[in-house]
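Subject: Model handover

Hello,

Here is the model I said I would pass on. My notes follow below it.

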Amino acid sequence: MRYLISLSNIKNKNIFLITHSGADVDAIASAGALSLILEENNSVQIAVPEHIAIPAKKLAKKAGINYKISPNFGQADTIILLDFNSWDMVGGMAPAIKAFSGKKYLVDHHTKSSDQLVPSKNTWVEAEAVATCIMIYNWAKSSKIALGKEAAALLAAGITADSAHFLIADANTFLAMSELLRMGENKFSQILEFLRVERDFSEKIAMLKAAKRSRIFKLGNFIAVISEVGAFEADSANALIRIGADLAFAGNSENNELKISGRASQSVQKKAGLDLAKDVFQPLGKFFEGSGGGHAGAAGFNGKNASASKALLKCVELSKKSIARKVPKLQLKEYT
Ligand SMILES: [Mn+2]
């Protein structure tokens, strides 16, 4: 594992921490914690391109994290990009980041894309890390910086969220969590309370509709499910996995904008070696206008000029192609 510059060597700088567009809990929590660490010796601001996801917005409010949506950061001399490593994840702020001539760093745990956002010596991408928050924890530790209670609680929250409540945790995740709970003087229940977002009525209906409208496929010994939803694609795909799918794709193509979210169970990732980002959502860009990426078990696609139903079927076809590498004579059959 290699780290960037020691955090204690960043001093007297005017820093902008930049998350991906639609910042999630891991992104905003890593920015919040890093800001608490760096503001001892620097001036620090947080930028979120375009919009912030609801759970992240609620966490930011509870934790008192100040951020600006798509601000101008011309006065900064240093920027640190958090929780993304491709241009399409930063939306409308991409040109400003490309044009920025000061120091740039990048810390991320997504599958590495072919884009180079900052000089490679300042790029730290660790796809095995469950969360950007655990990378910030390791960065602070290797820089011999003691975390305050608030920063520790934020990092614990980000790790909990991005590990899907430890479903994809490894030994390092629990070691870090144990130390973070101790540093923050928190019980795990307090971290859960910190993260809790009451699902609103429309969201519950959307999940139930996703299940009702689903098409179910047998893919060898795996179950793949696709569903066209009006909104909440990611939550719908998660819900479909929770009720039994190994692979779930939820999408919509309203207003000519195509959005698809995919989730894969541990079992299909392990047994079939399927990586949603590499095998499904990046190749999807060859068939439909737009681009995709993410993680092996959770990824997505943003595009246009295509119907969700066609793109969802293509996701199943690409999954089949990937699984067929390990499972010869793979049969695809729809349950009707
Ligand atoms: Mn993340």
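Lys-314 lies over the face of Phe-287, at 3.9 Å from the ring centre. The charged end of Lys-98 sits over the ring of Trp-87, 4.8 Å from its centre. The test for a charge over a ring: NZ of Lys or CZ of Arg within 6 Å of the ring centre and within 35 degrees of the ring normal.

Before the rest, some ground rules. This is a predicted model, where local features need pLDDT of at least 70 and side-chain atom pairs count only at pLDDT 80 or more, while totals for chains, interfaces and linings use all residues. Residues are numbered from 1 along each chain as its sequence is written, and side-chain values use heavy atoms, with hydrogens and water left out.

Now the metal. The manganese ion has four named protein donors: Asp-26 (OD), Asp-83 (OD), His-109 (NE2) and Asp-162 (OD), lying 2.1 to 2.4 Å from it. Asp-83 lies in the loop between β4 and α3, and Asp-162 in helix α5 (residues 149–162), so the pair ties together parts that are 79 residues apart in sequence. Helices (H or I, at least four residues) and strands (E, at least two) are DSSP runs, numbered from the N terminus. Along the sequence the donor spacing reads D-x56-D-x25-H-x52-D. Donors are N, O and S atoms within 2.8 Å of the metal (3.2 Å for Na, K and Ca); water is not among the atoms, so sites may look incomplete. Asp-83 and Asp-162 are both buried (under 20% relative accessible area; exposed is over 50%, partly exposed in between; 1.4 Å probe, protein chains only).

Next, the aromatics. The whole structure holds six aromatic pairs. In one of them, the rings of Phe-73 and Phe-100 have centres 5.6 Å apart and planes at 55°, so the pair is tilted. Phe-73 sits in the loop between β3 (68–69) and β4 (78–82), and Phe-100 in the loop between α3 (94–99) and β5 (103–108), 27 residues apart. Rings of Phe, Tyr and Trp (its six-membered ring) pair if their centres lie within 6.5 Å; planes under 30 degrees apart are stacked, over 60 edge-to-face, the rest tilted. Phe-73 is buried at 4% relative accessible area. Phe-100 is buried too, at 11%. Phe-16, Phe-73 and Phe-100 form one aromatic cluster.

Best wishes
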